[in-house]
Amino acid sequence: QLPVIRRCLELWSNPDDVVLSPFAGIGSEGVCSLEMGRRFVGCELKGSYYEQAAKNLHIAANPAQVGMFNE
């Protein structure tokens, strides 16, 4: 679904806009937002989804720190 998210962001937001996802899940909208130069705010109630979203968003925000041997 990432291509759909990217297309929506391209159509309905601009670089440096803040993208809100009130049901963030594992952070797919946030990852695409960060990759496309937007800022992101998300909310998630389920703990396991929140933990995965935090990991995914950290990787998207710090791509130079992620390598083949990083956990």
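**Exercise 1. State where Arg38 lies and whether Arg38 is buried or exposed.**

Step 1. Arg38 is located in the loop that links α2 and β2. Helices here are DSSP runs of H or I with at least four residues, strands are runs of E with at least two, and both are numbered from the N terminus.

Step 2. The relative accessible area of Arg38 is 8%, so Arg38 is buried. The term buried means under 20% relative accessible area, exposed means over 50%, and partly exposed lies in between (1.4 Å probe, protein chains only).

Step 3. With neighbours within four places in sequence left aside, Arg38 is in contact with Leu9, Glu10, Ser13, Asn14, Pro15, Asp16, Asp17, Val19 and Ser33. Contact means heavy atoms within 4.5 Å.

Step 4. Arg38 and Arg6 are 32 residues apart along the chain, and 11 Å separates their C-alpha atoms.

A note on the basis of these values is in order. The model is predicted: local features need pLDDT of at least 70 and side-chain atom pairs count only at pLDDT 80 or more, while totals for chains, interfaces and linings use all residues. Residues are numbered from 1 along each chain as its sequence is written, and side-chain values use heavy atoms, with hydrogens and water left out.

**Exercise 2. Determine how helices α1 and α2 are arranged.**

Step 1. Two packed helices are described by the angle between their axes and the distance between the axes.

Step 2. The axes of α1 (residues 2-12) and α2 (residues 28-35) come within 10 Å and cross at roughly 55 degrees. α1 is therefore oblique to α2. Axes are lines fitted to C-alpha atoms, for helices over the stretch in contact, and angles run from 0 to 180 degrees between N-to-C directions. Angles under 35 degrees count as roughly parallel, over 145 as roughly antiparallel, 65 to 115 as roughly perpendicular and the rest as oblique.

Step 3. The crossing of α1 and α2 is right-handed, a term used if the near helix is turned clockwise from the far one by less than a right angle; anticlockwise gives left-handed.

Step 4. From α1, Leu2, Ile5, Arg6 and Leu9 meet Ser28, Glu29, Cys32, Ser33 and Glu35 of α2. By class, this contact of α1 with α2 has 4 nonpolar, 2 polar and 3 charged residues. Ala, Val, Leu, Ile, Met, Phe, Trp, Tyr, Cys and Pro count as nonpolar, Asp, Glu, Lys and Arg as charged, and the others, Gly among them, as polar.

**Exercise 3. Carry out the analysis for α2 and α3.**

Step 1. The axes of α2 and α3 come within 9 Å and cross at roughly 10 degrees. The two helices α2 and α3 are therefore roughly parallel to each other.

Step 2. Gly30, Val31 and Leu34 of α2 make the contact with Asn56, Leu57, Ala60 and Ala61 of α3. The classes in the contact of α2 with α3 are 5 nonpolar, 2 polar and no charged residues.

Step 3. Within α2, the residues Gly30, Val31, Cys32 and Ser33 are buried. Their cover includes α1, β1 (18-21), β2 (39-42) and α3 (47-61).

**Exercise 4. Locate Cys43 and Gly47 and classify their accessibility.**

Step 1. Cys43 lies in the loop between β2 and α3. Its relative accessibility is 42%, so Cys43 counts as partly exposed.

Step 2. Beyond residues up to four places away in sequence, Cys43 touches Ser21, Pro22, Phe23 and Ala24. The C-alpha atoms of Cys43 and Ala24 are 5.5 Å apart, and the two residues are separated by 19 residues along the chain.

Step 3. Gly47 is in helix α3. At 42% relative accessibility, Gly47 is likewise partly exposed.

**Exercise 5. Summarise the chain as a whole.**

Step 1. The chain has 3 helices and 2 strands, in the sequence pattern α-β-α-β-α.

Step 2. Buried residues account for 24% of the 71 residues.

Step 3. Of contacts between residues at least 6 apart in sequence, 40% join residues at least 24 apart.
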